[in-house]
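Visitor: I'm new to this one and would like to learn how to read it. Could you walk me through it piece by piece?

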Amino acid sequence: MEQSTIIEPIAPQTRIVAAQPAALQEPRFIRYLLTFIALAFLAFFIVLPLVSIFITAFQKGADVYFAAITHPDALAAIQLTLTVIAIVVPLNAIFGIMAAWALTKFNYKGKNLLLTVIDLPFAVSPVIAGLVFILLFGAQGLFGEWLFANDIKIVFALPGIVLATIFVTLPFVARELIPLMQAQGTSEEEASISLGANGFKTFYYVTLPNIKWGLFYGLILCNARAIGEFGAVSVVSGHIRGMTNTMPLHIEILYNEYQFSAAFAVASLMSVLAILTLIIKDIVAWKSKSL
């Protein structure tokens, strides 16, 4: 006796429609209202102040503007700011790579403590950081007598400004690299070492290509922070005209002396540097996502 076979009817194919996110289900009026509020907020607190800086800078004409930014004190402030950046950014790059490598490629006790120390400049006020360097290297500081006896100047000189700027910009490169290197793991480096490559070749040919965009992004943020640093540098600089005044300090002095056109002229130059930094940052972010 043959066993009958029961054929189940095939259910008609159903169309699966992906559920839209909740944000897309909001009424059009709500979306337009939220967009308008965000754009109005940005226009009022960012665009309008930037526009007013340039308007005030050119209020008395282009001659006054160019005279302000080519004044010897302004040129000295610009040169000092660029010198500090040229020192601080490479040092932060070296430290950030080493710190990120130590935190992501090795397992040991004390990693959380090292991470906490790296984040410390985010929590400490820049003014307090400047006071710490005064207590260490000032005339009445811990090392003050020894520095004075050996004619070494830290505070009220370039080294103090560099130290203060390094302190406030210390976390930026490391904080960009740590999550990136954590996500990549250690398998590629281990494979490189197992094939006979030494540590330097492994870093240069394996690690660096994987982190180059994150490194560049961190350097851009570090550069932007170094340009605009005021609090810590103000404490350790001494406000010596033509010698220890960076661009933010020079702007403060001009503003306090009621030289508003000159102050906003230098401020507009800083704004241009900041805008260029943001443009480069966006280009780097776009390049990193497209690869």
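Visitor: Let's start with Lys105: does it count as buried or exposed?

Guide: Lys105 counts as buried, because its relative accessibility is 15%. The cut-offs are these: buried is under 20% relative accessible area, exposed is over 50%, and partly exposed lies in between, using a 1.4 Å probe and protein chains only. Before we go on, this is a predicted model, where local features need pLDDT of at least 70, side-chain atom pairs count only at pLDDT 80 or more, and totals for chains, interfaces and linings use all residues. Residues are numbered from 1 along each chain as its sequence is written, and side-chain values use heavy atoms, with hydrogens and water left out.

Visitor: Which residue forms a salt bridge with Lys105?

Guide: First the general idea: side chains of opposite charge can pair when their charged atoms come close. The rule here asks for a side-chain nitrogen of Lys or Arg within 4 Å of a carboxyl oxygen of Asp or Glu. Lys105 pairs this way with Glu189, with 3.3 Å between the closest N and O atoms. The two are 84 residues apart, Lys105 in the loop between H3 and helix H4 (111-123) and Glu189 in helix H9 (residues 187-194). Helices here are DSSP runs (H or I, at least four residues), and strands (E) need at least two; both are numbered from the N terminus. Glu189 is buried too, at 8% relative accessible area.

Visitor: How many salt bridges does the rule give?

Guide: The count is 5. Another of them joins Asp73 and Arg241, at 3.6 Å from N to O. That pair links distant parts of the chain, 168 residues apart: Asp73 sits in helix H3 (residues 72-104), Arg241 in the loop between helix H11 (231-237) and helix H12 (247-256).

Visitor: What else does Arg241 meet in a salt bridge?

Guide: Glu257, with an N to O distance of 2.1 Å. Glu257 lies in the loop between H12 and helix H13 (260-290), so this pair ties together parts 16 residues apart in sequence. Shared partners join Asp73, Arg241 and Glu257 into one network. Arg241 is partly exposed at 37% relative accessibility, and Glu257 is also partly exposed, at 37%.

Visitor: Which residues of helix H2 are buried?

Guide: An α-helix has 3.6 residues a turn, so residues three or four places apart point the same way. In H2 (residues 62-69), the buried ones are Tyr65, Ala68 and Ile69. They sit on the same side of H2, because they cover an arc of only 90 degrees around the axis, taking directions from the helix axis to the C-beta atoms.

Visitor: And what does Ser271 touch?

Guide: Leaving out residues up to four places away in sequence, Ser271 touches Leu50, Ile53 and Phe54, where contact means heavy atoms within 4.5 Å. Ser271 belongs to helix H13 and is buried, at 10% relative accessible area.

Visitor: Where does pLDDT stay under 50?

Guide: pLDDT is the predictor's confidence in each residue, from 0 to 100. Where it is low, the predicted coordinates should not be read in detail. It stays under 50 over residues 1-8, which have 0 contacts beyond four places in sequence. The chain's mean is 86, and 90% of its residues reach 70 or more.
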